[in-house]
Amino acid sequence: MSPQKIKIGVISALREEQAGLIEVMQDPVTLKRGMRNYVSGRLWGIESVCVLSRIGKVAVAATTATLIESFGVTHIIFTGVAGATVKAVRIGDIVVANQLVQHDMNASPLFPRFEVPLTGLSHFYSDKALSTLLSQAASQFIHQEFLETISEASRQEFFIDRPVVHEGLIASGDQFISTALELNQINDNLPDVLAVEMEGAAAAQVCFEFGIPFAIVRTISDNANEDSPVDFVKFLEKIAACYAYGIVRQFYSLLKEEKLLSA
Ligand code: ADE
């Protein structure tokens, strides 16, 4: 594939998870399809389409399929927030998915628990090259921009000291996890999960089915417990946008140097 043919789809569920990107897009053109605004143009010189999917697996599956079929994107990245499921992952940390699973998929006894019927798969792998770039972008954001973009007051409010970038399994479901009971069920059934959210695994399944490489990055907004409704809203209001913009900007600057995508 030649570099000119690359067209990146950038998806987030909510406005705060993708703030600032449309504003810096060159020659933006907005098209409405199925209640979503798809904004096509160039981000730092690279053909891109930005869209807000809204929340949940169906919403993101429809958006992802439209991005691929109607807008011809060749690669997809998803940026947003997630709840942490283990102590080692803290609010303000960043998780880049190497695999994704739908924690609410259960067609047993017809199919094994978590398996997406007729795919033979429960876990969907993200693209290694794209995910590596996103991890590097996240690290660069933390080391080069974090202190100047996130105010001391916000860092103190959320006890964010030195954020860490993790790579691992993310679980998605049509459920906002906000009780110990819900969290324990996920941990018991899927002990390797680092974070929970409501879209990633659905986007991953659609990308798998269309053969489109994808990567998913999530900033931790809450601990998927009784505090999560309050933490989630405050984190979205005050912090999520700075992370999302910083990570995506770093990602595009790495992408421009990258030979892999143009091979
Ligand atoms: N996204 C961010 N926090 C979440 C949570 N606790 N449950 C599901 N999705 C989330």
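Predicted model: local features only at pLDDT ≥ 70, side-chain atom pairs only at ≥ 80, totals over all residues.
Local features need pLDDT of at least 70 and side-chain atom pairs count only at pLDDT 80 or more, while totals for chains, interfaces and linings use all residues. Residues are numbered from 1 along each chain as its sequence is written, and side-chain values use heavy atoms, with hydrogens and water left out.

Start with the fold. The protein has eight helices and ten strands. These are DSSP runs numbered from the N terminus: helices are H or I with at least four residues, strands E with at least two. The radius of gyration, taken over C-alpha atoms, is 17 Å, close to the 18 Å that the globule rule gives for 263 residues, so the protein is as compact as a globular protein of that length. That rule is 2.2 Å times the number of residues to the power 0.38. Along its principal axes, the C-alpha trace spans about 50 × 50 × 35 Å.

Two backbone details come next. Asp-27 sits in strand 2 (residues 26–33). Its phi is positive, about 50°, although Asp-27 is not a glycine. The peptide bond from Ser-108 to Pro-109 is cis, with omega near 10°. Pro-109 lies in the loop between strand 6 (94–102) and strand 7 (123–125).

Which polar atoms lie by the ligand's nitrogen atoms? A polar side-chain atom of Asp-222 is 2.6 Å from a ligand nitrogen. A polar backbone atom of Ile-177 is 2.9 Å from a ligand nitrogen. For a polar backbone atom of Gly-83, the distance to a ligand nitrogen is 3.3 Å. Taken alone, the ligand exposes 260 Å², and the protein buries 97% of that. Those areas come from the Shrake-Rupley method with a 1.4 Å probe.

Technical notes. Polar contact = N/O pair within 3.5 Å; in protein donor to acceptor, adjacent residues only side chain to side chain.
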